[in-house]
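Dear colleague,

Please find the structure below. My notes on the packing follow after it.

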Amino acid sequence: MSAGSADSDGVPALSASIAHLLATKSALHAWTAHPRLNPHYQQIESAEFDYGRAAHSVLLEGSEESLHVIEADDWRTKAAKEARESARGLGKTPILFRQLRKVQTMVRAAQDYVAASELAGIFEDGLPEQHIEWQEGATRCTGRLDWLRGDKRLVVDYKTAETANPSAFVGRAIGYGYAMQEAFYRRGVKAVHGKEPAFVFLLQEKEPPFACSLVAFDPAMQEIGDRQAEYALALWGTYMARNEWPGYSTRIAHLEPPA
């Protein structure tokens, strides 16, 4: 999903990633990362992001058409860098040939894992990369779902990480905004389709053996995400109305040791 977007009328819309910045950093961070608010916005591109996007495309879309394979050993040469930027300019995900082989192996591992899991057959029922827009009061919200099952009652979000150990995901769920993302998307699907879906994360490690796990939040974790989403929506409404996007406080912060 993009950092931020707008509806058909050009009104800036709130996405889960922008909401996370609002709730955990500042309005200035949200403004800077939003392509409709920041006139000098530049999307962050990196080889690490490209690798994750490639895995998403092959697993969820079942195709390598969105990839642009570059015959080079690495990205250090001028020719490789130019080919990479050219691919991005065409809307393609640049990837080295050796990386493609790794992504293909990774995707096969994910497919085998899912086939042996409670979600067996999930990628045969539904659609990938589903864009949704909905209204929360005066706020236009937007999201892109990795996978929405045909009956609209299950969302699967695919994430690659250093570890797929579920116990290690707890901290990332809060710190990286995944709890808020889950809450945000549940609200969106309910608003658009009239059904509040279950939400499952498919986690996969980026290095062999490319281990996977499935994670869902319990009610307590969902409540944290819901509260974060409500907080971000309130902040968004305030800053949009004022058209002011402050950073951190100019007052000295007096810190206490953590509990």
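**Strands and helices around strand 8**

Strand 8 (198–205) and strand 9 (212–215) run antiparallel and are joined by four bridges. This is a predicted model, in which local features need pLDDT of at least 70 and side-chain atom pairs count only at pLDDT 80 or more, while totals for chains, interfaces and linings use all residues. Residues are numbered from 1 along each chain as its sequence is written, and side-chain values use heavy atoms, with hydrogens and water left out.

Helices (H or I, at least four residues) and strands (E, at least two) are DSSP runs, numbered from the N terminus. Two strands pair if DSSP finds at least two bridges between them.

Strand 8 also runs parallel to strand 7 (154–161), with eight bridges joining the two. Leu-202 in strand 8 is the bridge partner of Tyr-158, and Leu-214 in strand 9 is the bridge partner of Leu-202. Six residues lie between the strands in the hairpin of strand 8 and strand 9, where Phe-210 has a positive phi near 55°. Seven of the eight residues of strand 8 are buried (under 20% relative accessible area, with exposed over 50% and partly exposed in between; 1.4 Å probe, protein chains only).

In helix 6 (residues 166–175), the buried residues are Phe-169, Arg-172 and Ala-173. They lie on the same side of helix 6, because they cover an arc of only 110° around the axis (the arc of the directions from the helix axis to the C-beta atoms). Their cover includes strands 7, 8 and 9 and helices 7 and 8. Gly-177, which follows helix 6, has a positive phi near 85°.

Helix 8 (residues 219–242) takes part in two helix contacts described here. Axes are lines fitted to C-alpha atoms, for helices over the stretch in contact, and angles run from 0 to 180 degrees between N-to-C directions.

The axes of helix 7 (residues 178–193) and helix 8 come within 7 Å and cross at roughly 75°, which means that the two helices are roughly perpendicular (65 to 115 degrees; under 35 is roughly parallel, over 145 roughly antiparallel and the rest oblique). Residues in contact (heavy atoms within 4.5 Å) include Arg-186 and Arg-187 in helix 7 and Asp-226 and Glu-230 in helix 8.

Helix 1 (residues 16–24) packs on helix 8 at about 85°, with the axes 9 Å apart, so helix 1 is also roughly perpendicular to helix 8. Here Ile-18, Ala-19, Leu-22 and Ala-23 meet Tyr-231, Ala-232, Leu-235, Trp-236 and Tyr-239 of helix 8.

Regards
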